[in-house]
Amino acid sequence: YGAAGLEMSGLVEYCAEVFKRYITPDNVAELLKRSLTHGWYALAKHCVESINRMDVGITCSLTAAFKLEIEFYRYRFQAIDLFE
């Protein structure tokens with residue numbers, strides 16, 4: 001089940017806070033994909049924040065149902081490369 005399945009939200013938040021140190025431009029898309037696939041929403045939030053700080057021409061957000069929304073506000077190849 002894991003910490004999330006056992007409703008140990010404090011532990012989940014703490015782990016995500018520690019793990020966010022290892023989010024890089026090279027691994028953020030993969031971490032976001034894994035986070036959403038496995039229900040690691042605290043980590044997904046950190047990934048979205050990291051992507052938004054990258055200034056690649058997109059803004060990401062998570063809906064209340066934890067679906068990813070992407071808004072392109074300026075076309076740049078880096079935005080496409082991020083999710084390729």
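Modeller: The model is predicted, and the questions below go from the whole chain to single residues.

Colleague: In what order do the elements of the protein chain run from the N terminus on?

Modeller: The protein chain has five helices and two strands. Read from the N terminus on, the order of these elements is α-α-α-α-β-β-α.

Colleague: What share of the residues of the protein chain counts as buried?

Modeller: A residue counts as buried when its relative accessible area is under 20%. The protein chain has 84 residues, and the share of them that passes this test is 26%.

Colleague: How far does helix α4 reach from its first C-alpha to its last?

Modeller: Helix α4 covers residues 41-53, which is 13 residues. At 1.5 Å a residue, a span of 18 Å is expected. The model comes close to that, with a reach of 19 Å.

Colleague: Which residues of α4 are buried?

Modeller: An α-helix has 3.6 residues a turn, so residues three or four places apart point the same way. The buried residues of α4 can be read with that in mind. They are Ala42, Leu43, Ala44, His46, Cys47, Val48, Ser50 and Ile51.

Colleague: How are α3 and α4 oriented to each other, roughly parallel or roughly antiparallel?

Modeller: Two packed helices are described by the angle between their axes and the distance between the axes. The axes of α3, residues 28-38, and α4 come within 8 Å and cross at roughly 150°. An angle over 145 degrees counts as roughly antiparallel. Therefore α3 and α4 are roughly antiparallel.

Colleague: Which residues of α3 and α4 make the contact, and how many of each class are there?

Modeller: The crossing of α3 and α4 is left-handed. From α3 come Val28, Leu31, Leu32, Ser35 and Leu36, and from α4 come Leu43, Ala44, Cys47, Val48, Ser50 and Ile51. By class, the contact of α3 with α4 has nine nonpolar, two polar and no charged residues.

Colleague: Is Ser35 buried or exposed, and what does Ser35 contact away from its neighbours in sequence?

Modeller: Ser35 belongs to helix α3. Its relative accessibility is 0%, so Ser35 counts as buried. Leaving aside neighbours within four places in sequence, the contacts of Ser35 are Trp40, Leu43, Ala44 and Cys47.

Colleague: Which residues does His46 touch, not counting residues up to four places away in sequence?

Modeller: His46 is part of helix α4. Its relative accessible area is 10%, and therefore His46 is buried. With residues up to four places away in sequence not counted, His46 touches Ala16, Glu17, Lys20 and Ile23.

Colleague: What distance separates the C-alpha atoms of Val18 and Leu43?

Modeller: Val18 lies in helix α2, residues 9-19, and counts as partly exposed because its relative accessibility is 24%. Leu43 is one of the buried residues of α4. Along the chain, Val18 and Leu43 are 25 residues apart, and their C-alpha atoms are separated by 9.6 Å.

Colleague: Which residues are in contact with Lys45, leaving aside its neighbours within four places in sequence?

Modeller: Lys45 is in helix α4 and counts as partly exposed because its relative accessibility is 42%. The C-alpha atoms of Lys45 and Ser61, 16 residues apart along the chain, are 8.2 Å from each other. Leaving aside neighbours within four places in sequence, Lys45 is in contact with Leu62 and Phe66.

Colleague: What is the phi of Asp55?

Modeller: Most residues other than glycine have a negative phi. Asp55 sits in the loop between α4 and β1 and is partly exposed, because its relative accessible area is 41%. Asp55 is not a glycine, yet its phi is positive, near 55°.

Colleague: What is the phi of Phe66?

Modeller: Phe66 is found in the loop between β1 and β2. At 26% relative accessibility, Phe66 counts as partly exposed. Phe66 is not a glycine either, and its phi is positive, at about 60°.

Colleague: Among contacts between residues at least 6 apart in sequence, what share joins residues at least 24 apart?

Modeller: A contact means heavy atoms within 4.5 Å. Of the contacts in the protein chain between residues at least 6 apart in sequence, the share that joins residues at least 24 apart is 30%.

Note on methods. Residues numbered from 1 in each chain as written. Predicted model: local features only at pLDDT ≥ 70, side-chain atom pairs only at ≥ 80, totals over all residues. Heavy atoms only, no water. Helix = DSSP H or I, 4+ residues; strand = E, 2+ residues; numbered from the N terminus. Expected span 1.5 Å × (residues − 1). Buried < 20%, exposed > 50% of the residue type's maximum accessible area, 1.4 Å probe, protein only. Axes fitted to C-alpha atoms, helices over the stretch in contact; angles between N-to-C directions. Parallel < 35°, antiparallel > 145°, perpendicular 65-115°, else oblique. Left-handed = near helix turned anticlockwise from the far one by under 90°. Nonpolar A, V, L, I, M, F, W, Y, C, P; charged D, E, K, R; others polar.
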